[in-house]
Amino acid sequence: MTLTPPTRRRLRNFRANRRGFWSLWIFLALFVVSLCAEVIANDRPLLVRYAGAFYLPVLREYPETAFGGIFPTEANYRDPQVISLITQKGWIIWPPIPYRYDTINYNLPVPAPAPPSTTNWLGTDDQGRDLLARLIYGFRISVLFGLTLTLLSSVIGVIAGAVQGYFGGWTDLIFQRSIEMWSGLPELYLLIILASLVEPTFWWLLGLMLLFSWMSLVAVVRAEFLRARNFDYVRAARALGVGNAEIIFRHVLPNAMVATLTFLPFILNGSITTLTSLDFLGFGLPPGSPSLGEILAQGKANLQAPWLGITGFLVLAVMLSLLVFVGEAVRDAFDPRKTS
Amino acid sequence: MMGERLLDVRDLVKHFPAGHRRFVKAVSGVSFHIEKGEALALVGESGSGKTTVGRCILRLIEPTAGTIIFRGQDVSTMEQDRLRALRPHMQMLFQEPYDSLNPRMPIGRIVEEPIRLGKDMSPRKRLERVVEVLDMVRLGSWALDKYPHQFSAGEQQRIGIARAIATEPELVVLDEPTSALDVSVRAEILDLLTDLQEQLGLSYLFISHDLTAVRRVCHRVAIMYLGKIVETGSTAEMFEQPLHPYSRALLSSVLYPDPHEQLSRFVLAGEIPSPIDLPPGCHLYGRCPWAVDACNAAYPDLEEILPGRRVACFRAREENAADTTASGSGRRPPGSF
C-alpha cells in the first residue's frame with residue numbers, strides 16, 4: 001500500500017508526539033494482554049499431563065473421570081482431590097493467575113475482602129474473588145464495550161451528519177431541531193429507568209447508550225459537509241451526474257473523515273466513562289460481570305479495604321489518561337497548520 | 001456544422017433569497033442560444049450573474065424561471081433521474097483547477113468517473129479511454145496514479161478538461177477557465193480549448209471577464225450587466241465597435257501595451273447598484289452618460305440595430321449614429337496585441 005504524502009506527514013506528526021505515541025503502544029499492549037485474559041487469569045490449568053497424554057483444560061472440557069476421578073461432570077481443577085489425582089500420574093501448568101473473574105477463593109486466611117498477598121496479588125473483593133483477575137477481565141469488557149459503542153455511534157453519527165450537511169436546507173433544519181430535542185432528554189436518568197425495566201446485558205446496554213451517543217459526531221460531520229458541498233470538486237461531481245449517495249461516500253466523506261478521526265479517542269473515553277458510571281451505580285452490566293465501575297463501588301462500600309478503591313481508581317485513571325494522550329496526538333497529527 | 005441550435009435559453013431568471021423576504025436578483029431574464037460547434041462568450045464583471053447562468057444551465061442550481069432547451073429537451077424542469085442521463089452531453093470546466101479535483105483521488109479515477117457513469121464499458125476499455133483523453137490534453141498515462149497536488153495549475157486545468165471531454169459532450173460550460181492561471185499557462189490552455197473545439201466539434205459557453213481570452217476562443221459574445229444581457233454580436237464586430245454604453249466602457253477598460261497610445265476611454269460614473277434593489281428601468285441608469293428620463297421608466301428590450309447585433313438600449317441607435325459620423329471608428333480594437 002502506498003501512502004499519500006498528507007498521510008505520511010500525519011504519521012510523522014503523530015510519532016513526533018512522543019507521549020501520545022507511547023501511550024498508544026502501552027494501551028495496545030494492555031488491550032492485547034487483556035484479550036488473552038483466559039490464559040492469564042483462569043481457574044483451569046493451561047496444560048495438564050496425565051498418564052502419558054496432554055490435556056488443554058483452557059480450551060476443552062474434560063470430565064473428572066478422565067483423570068481417574070469419580071464424577072462424570074467437568075473436573076474442578078481447584079479441588080485438592082483432583083489436583084492430587086493428576087499430580088500422581090503427571091503434572092499441571094497453571095496460568096500466572098489461577099483465578100477467573102468469578103472464581104471464589106474459599107481458602108482465604110482472613111474474611112473477604114482480603115488484602116494483597118502472595119496468593120491474591122492485589123487482594124480480593126468482598127466476595128473473595130481475585131481482584132487482579134477481575135481487573136483484567138473488567139478492563140477488557142470496558143474497552144470492548146467502548147470500542148463497539150464508538151464504532152456504532154460513529155457510523156450512525158457520520159451518516160446522520162452527512163445527510164444533514166449535504167442536503168442542507170429544510171432537511172438540515174428539521175434534523176437539527178429534532179436532535180436538539182432528543183439531546184435535551186436527561187440521558188442518565190433515562191438509562192437508569194430503562195435499565196431497571198429490562199435486565200441489562202452487554203448488548204442491551206450498548207443499544208441503550210447508542211440511543212444517545214450517536215449525536216456526538218453529528219455536529220462535526222455536518223459542519224464538514226456543509227463546507228464541502230460548495231467545493232468545486234463536489235460541484236464537478238454533480239455536473240458529471242454522480243448520484244448523491246456516491247458523492248457523499250466517495251467524494252466528501254474521505255475528506256470529512258479527518259475531522260471525525262480526531263474525535264474518536266475522546267468518544268471512546270466518554271463511552272468507557274459512561275459504562276463505568278452506570279456500573280458504579282449498579283445499573284450497568286449484569287451482576288457478577290467483571291467491571292471497573294463495580295470495583296469502584298466495592299471500594300466505596302469497603303473503605304476498610306483501600307486496595308479495592310485505589311486499584312480501581314488507578315486502572316481507570318491510567319486507561320483514560322492514555323486515551324486522552326492518544327487523542328491529543330491524533331489531533332496534532334491532523335492539524336493542517338502543522339506542516340512539518 | 002453551424003446553424004442548428006444546441007442550446008436555447010429563454011428568459012432565464014434566478015433569484016437568491018437574501019433574508020427578510022428580499023432577493024438577490026442574480027439573473028433577471030436572460031435569453032441566448034448556442035449553435036452546434038459555436039463558442040459563445042458570456043462576458044461581464046464580477047456580480048453580473050454570468051456564473052449563475054452557467055450553473056443554471058447545468059442545473060447545478062435551480063433556476064427561478066425560464067426555459068433551457070438543450071438538444072430539443074427542456075432541461076429546466078427535468079427530474080434529476082432523466083437529467084442524469086443527459087449529463088454526459090453537457091459538461092463543465094471550473095475556475096479553480098485544484099479545487100475542482102478531489103484531492104484524495106488519483107487522476108485515473110478522476111477522469112474515469114464520468115465514463116463509468118455514462119456507458120457500460122469494461123474496466124479495460126475505460127482505462128483505454130482515460131489514456132486516450134489524457135493524451136488529447138497532452139498528458140499521458142504517466143499521470144494516472146498521481147494525485148492532483150502533484151501537478152502544476154496548468155496541468156490540473158488540463159486534467160479538468162480531460163474529465164469534461166471524456167464522455168464526448170456536445171456542450172462544455174467553461175466557467176472562467178483561465179482566470180486562476182498564470183499568463184504563460186493561460187495561452188496554452190486557450191490553445192488547447194480551441195484545438196479541442198475544432199477536433200471534437202464542441203460548443204462552448206465561455207464565461208469570462210478576460211477579454212483577451214474571449215477574443216481568442218469565441219465566435220460570438222454576449223455582454224452581461226447586473227443580470228441582463230445588454231448586447232450580443234460576433235466577436236470581431238463587437239470588439240471593433242461596441243454599441244451599448246456598458247459594452248463600450250467594458251471593452252475600453254482593456255489595457256494596451258503601448259503607453260503612448262491615446263485612449264478614448266469610455267467611463268461610467270458611479271458604482272454598480274445592489275442586485276437586491278435594482279433600478280426600475282435600465283440597470284445602467286444613473287451611471288450612463290446617454291441616459292434620458294425614459295431610461296428610468298422601463299427596461300429596454302434587446303433590439304437588432306445592426307445586422308447580427310442586438311442591443312438593449314433606447315439610445316444606442318441614435319448615439320452610435322452620431323458617434324460614427326463625428327469621429328469615425330478610428331479606435332484601435334481593444335485586446336488586439
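## Where the chains meet

In this predicted model, chain A gives 14 residues to the contact and chain B gives 18 residues.

What classes of residue make up the side of chain A that touches chain B? There are 7 nonpolar, 4 polar and 3 charged residues.

In soluble globular proteins, nonpolar side chains tend to be buried together. Here, the largest nonpolar core has 150 residues. Helix α5 (residues 131–167) of chain A provides the largest share of this core, 15 residues. The residues with the most contacts inside the core are B:L40, B:L42, B:A162, B:L205, B:F206 and B:I223.

Take B:F206 as an example. Leaving out residues up to four places away in sequence, B:F206 touches B:A39, B:L40, B:A41 and B:L42, among others. Its partners also include B:L174, B:V214, B:V217 and B:C218.

Another core lies apart from the largest one.

## Confidence in chain A

How confident is the predictor in chain A? The mean pLDDT of chain A is 87. In chain A, 98% of the residues reach 70 or more.

The elements of chain A run between two ends. Helix α2 (residues 18–35) of chain A has the highest mean pLDDT, 94. Helix α7 (residues 187–197) of chain A has the lowest, 81.

How values were computed
Residues numbered from 1 in each chain as written. Chains lettered and ligands numbered in written order. Predicted model: local features only at pLDDT ≥ 70, side-chain atom pairs only at ≥ 80, totals over all residues. pLDDT = per-residue confidence, 0-100. Helix = DSSP H or I, 4+ residues; strand = E, 2+ residues; numbered from the N terminus. Contact = placed C-beta atoms within 7 Å. Nonpolar A, V, L, I, M, F, W, Y, C, P; charged D, E, K, R; others polar. Core = buried A, V, L, I, M, F, W, Y, C linked by C-beta atoms within 7 Å. Buried ≥ 20, exposed ≤ 12 C-beta atoms within 10 Å, placed from the backbone.
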